[in-house]
Amino acid sequence: MLGFGADLLWADMNRLLAFLFHQGVLDEQFLQLQQLQDHTSPNFVSEVVNIYFHESEKLLNNLRSLLMEREFSDYKKIEIHLNQFIGSSSSIGAKRVTSVCIAFRAASEQDNRAGCLRALEMLEHEYCYLKNKLHELFQIEQQRALAAGVRYPMQHQ
Amino acid sequence: MGNQEKGKGLMESQNSADKLTALVVDDDKLVRMIHQGLLKRAGVKNEAVKNGKEAVDIHYSGQRFDIILMDKEMPIMTGIEATKKLRSMGILSKIIGVSSCTEAKKQEFLKAGIDDYQVKPLTIGVLNSILEVVKARK
């Protein structure tokens, strides 16, 4: 029964991943991350993604603070934050977030404040969506690991 | 006995040629973690530092690496500054510029002395092709 539960959860995980790939939320770089997870680094993906969340929230706060300044003109700083965001987002396979960051950077290169503000809103929306979906994925993975873990002692009986 | 020793010596030199070393230079903790994970998977002994100055300092301390993965934008000392400095120190390691910057900025990085430029993120496939070139050179 519990083994059956683990299999169902495995199917749920794969369905969610397929959905996220189909929607363009994630790309194959996320699969590369999974390939780096092994018995010596069993939580590699969740550790990397948690660092990504932590760093991204700092970057988003910095971007918003900069653009909300009355006398804002430091587009170079915006560009630095965005390059970092692009680098980290593409490194975990966050495809849609990366695309929005690139568009944001283009607006910044044109000193287009209104364009930057619009891009920031879109970025915050996409990031929020990604974070929720990845949390959902990790929750299913945790439940599956628990279900699979309880199964093994029963097999020995 | 002599042949065994000779065989052992040949094996040792082949093993040392295969055991590449790499330095990851990036201010982003996440990117350092991923690149170190990629290198570990490929069997490459590696270290990581947070900016160009630390990359230069680690070389001043006498350490040498076959490959340096160098980010471009970093605080304290950028990838461009660090690359120029390392080349002026006579460091001949293969330096791969790894960044998410635009095409125009890439040229500046190449002029500084990197051997190759790759857009972030590095993939397993790209890293393997870099390692093949370095192994062949070694």
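**How chain A and chain B meet**

Reader: In which hand of crossing does α4(A) pass α2(B)?
Author: This is a predicted model, in which local features need pLDDT of at least 70 and side-chain atom pairs count only at pLDDT 80 or more, while totals for chains, interfaces and linings use all residues; side-chain values use heavy atoms, with hydrogens and water left out. Residues are numbered from 1 along each chain as its sequence is written, and chains are lettered from A in the order in which they are written. Helices (DSSP runs of H or I, at least four residues) and strands (E, at least two) are numbered from the N terminus, and a crossing is called left-handed if the near helix is turned anticlockwise from the far one by less than a right angle, and right-handed if clockwise. By that convention, the crossing in which α4(A) passes α2(B) is left-handed.

Reader: At what angle do helix α4 of chain A and α2(B) pack?
Author: Axes are lines fitted to C-alpha atoms, for helices over the stretch in contact, and angles run from 0 to 180 degrees between N-to-C directions. For helix α4 (residues 75-92) of chain A and α2(B), the axes lie 9 Å apart and the angle is about 35 degrees.

Reader: Which residues of α2(B) do A:G87, A:S88, A:S91 and A:I92 meet?
Author: Contact here means heavy atoms within 4.5 Å. On that basis, the four named residues of α4(A) meet B:L30, B:V31 and B:I34.

Reader: How much area do chain B and chain A bury between them?
Author: The contact takes 20 residues from chain B and 25 residues from chain A. Buried area is the accessible area (1.4 Å probe) that two parts lose on being put together, summed over both. Of the area that chain B and chain A bury, 60% is on carbon and sulfur atoms, and the total is about 1,900 Å².

Reader: Which helix of chain B gives the most to the side that touches chain A?
Author: The element in question spans residues 29-41 and contributes 9 residues to that side of chain B, and it is helix α2.

Reader: How many salt bridges does the rule find across the interface of chain B and chain A?
Author: A salt bridge is a side-chain nitrogen of Lys or Arg within 4 Å of a carboxyl oxygen of Asp or Glu. Over all chains the count comes to 11, and one of them joins A:E57 and A:K131 (2.8 Å, N to O). Across the interface of chain B and chain A, however, the number is 0.
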